[in-house]
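Welcome! Take a moment to turn the model around on your screen, and then let us walk through it together.

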Amino acid sequence: MKATALRVGFALTLPVALVLGGCAAGDGGSEEITLTVQTDSYALPGFQLVADQFEADHPGVTVEFQVLTPDQQSTTNLQTLTSADAPDIASAPFNTTVFTEMLAADQFVPLDDVWEEADLEARYGQSLADAIRPGGQQVGVLFSKVLYGIAWYNKAMFEEVGIEVPEDHQIGTMDNLAEMVAKLRAGGYQPLSIGGSSNYHLTWILDNLLATSATADELTNYVTSFDPDVDVTASYTDAAFTDALERIKEMYDSNTFQDGVLGMDQDAGLALFAAGQAGMMMGHNQTPAGVANKESDVDMGFLFLPPINTDVTLPNFYAGNLLEIPKNAQHPDLAKEFLVLLMSDEMQIAAIEATGGAFPGVAVDESAIATAPDSVRELLEFESEYGNVAGWASLVPAKLGTTDPLIQKLLLGETTAEEIGVELDALLEEIRTDG
């Protein structure tokens with residue numbers, strides 16, 4: 001189960017002069033230009049560092065950010081990116097319909113020159129590079145690697161209520177989880193906080209549990225069978241999938257999640273944890289930054305949910321944090337220069353400290369880990385030693401992988417795991433037939 005060690009040794013040289021097509025702004029011209037860049041709240045501190053450097057290198061250029069929620073990134077952003085006022089750099093995650101529809105309509109500027117200038121194929125590694133090049137097209141840049149399926153916990157609260165933390169970060173069994181939940185509730189705290197109305201948090205948990213329920217071959221088929229050239233050997237009505245759904249229902253029925261969970265989005269769930277009212281929160285590697293941004297001093301550790309059929313639970317790997325340049329961008333050459341600067345070793349390393357623990361999108365010097373918060377550094381080290389596993393919903397088309405509405409109905413007793421499987425099988429066949 002050992003994973004490849006972190007690759008190290010890249011020179012920490014900040015690109016000062018880039019050669020991606022050139023542009024008038026920043027070369028002594030009098031024209032004032034605004035470069036519009038989309039991002040999300042977690043990444044914003046790191047992006048601001050890049051903007052400060054970029055503006056210093058390009059007099060007359062101002063970088064302006066559009067900060068998007070995850071829901072906006074996967075829905076209304078399509079209209080923004082295809083409008084005449086499209087931003088110069090788009091945030092369209094790989095597994096969203098926004099990305100797939102724009103890709104199909106040829107609405108992205110090719111970024112072959114960015115990949116070459118930033119040496120991204122070598123720095124991502126072959127498998128990751130191939131995963132984010134649909135059909136071999138280099139139209140996006142992965143700026144940060146995200147691990148999810150992580151239960152962050154409040155160390156002081158656990159000590160207060162008498163919860164013994166496992167050294168291997170594995171909760172291990174449902175009995176162990178139930179004991180944690182009982183102690184937290186007895187202490188007057190909410191147990192595991194999630195964004196039940198976020199439209200993706202429940203699917204995150206499904207991804208995490210599915211990887212412990214399915215065999216390696218089954219999981220591979222689940223994440224690839226939307227391709228009509230791949231034979232379907234794993235049905236969504238199989239136990240591998242339905243057992244994961246039923247485990248979420250079991251957690252809901254046993255009050256593992258916070259009270260009112262289905263009426264709370266990610267921000268509300270995060271606020272509950274940051275305020276010291278919940279003992280755990282289901283999140284991802286950038287969650288510590290979100291807690292800090294809410295002016296909280298929670299000392300955090302991380303745990304993994306009990307597995308279903310495997311011995312351990314591993315974090316899921318999401319490679320969807322892509323940035324693109326829309327065809328309607330006003331300043332595509334400047335946008336390319338910004339992306340190269342963003343992906344430089346120096347900026348990738350600086351982002352770890354600026355964001356409170358964002359994982360760099362490319363391999364960087366191992367010493368960069370030392371600047372991360374303890375909780376994030378420990379997670380980096382855990383992943384380096386034990387590895388991660390693909391997140392199903394991060395790899396299949398969003399039409400198939402957006403399961404939160406179905407899981408919400410399951411939790412409310414309005415459908416069954418088997419019925420969800422039938423519905424997903426029908427969606428799979430539709431995608432395989434019609435694309």
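How far apart do the C-alpha centres of domain 1 and domain 2 lie? In this predicted model, the distance between those two centres is 28 Å.

To find the domains yourself, follow the chain by number. The domain assignment gives domain 1 as 33–142 + 322–360, while domain 2 is given as 146–317 + 390–434.

Now look at where the two domains meet. On one side, 13 residues of domain 1 take part, and they are in contact with 19 residues of domain 2. The area buried between domain 1 and domain 2 is about 1,200 Å², and carbon and sulfur atoms give 59% of that area. In domain 1, the residues that lose the most area to domain 2 are Tyr42, Asn95 and Phe359; together they account for 51% of what that side buries.

What holds for charges and polar groups here? Across the interface of domain 1 and domain 2, zero salt bridges are found, and there are also zero residue pairs in polar contact, counting pairs with both residues at pLDDT 80 or more. Sorted by class, the side of domain 1 that touches domain 2 has six nonpolar and seven polar residues, with no charged ones.

Finally, let us visit a single residue. Valine 98 sits in helix α4, which covers residues 97–104. Valine 98 counts as buried because its relative accessibility is 1%, and under 20% is the cut-off for buried. Beyond its neighbours within four places in sequence, valine 98 is in contact with Gln73, Ser74, Thr75, Asn77, Leu78, Leu81 and Ala92.

Key. Residues numbered from 1 in each chain as written. Predicted model: local features only at pLDDT ≥ 70, side-chain atom pairs only at ≥ 80, totals over all residues. Heavy atoms only, no water. Domains from an automatic or database assignment. Contact = heavy atoms within 4.5 Å. Buried area = accessible area lost by both parts, 1.4 Å probe. Salt bridge = Lys/Arg side-chain N within 4 Å of Asp/Glu carboxyl O. Polar contact = N/O pair within 3.5 Å; in protein donor to acceptor, adjacent residues only side chain to side chain. Nonpolar A, V, L, I, M, F, W, Y, C, P; charged D, E, K, R; others polar. Helix = DSSP H or I, 4+ residues; strand = E, 2+ residues; numbered from the N terminus. Buried < 20%, exposed > 50% of the residue type's maximum accessible area, 1.4 Å probe, protein only.
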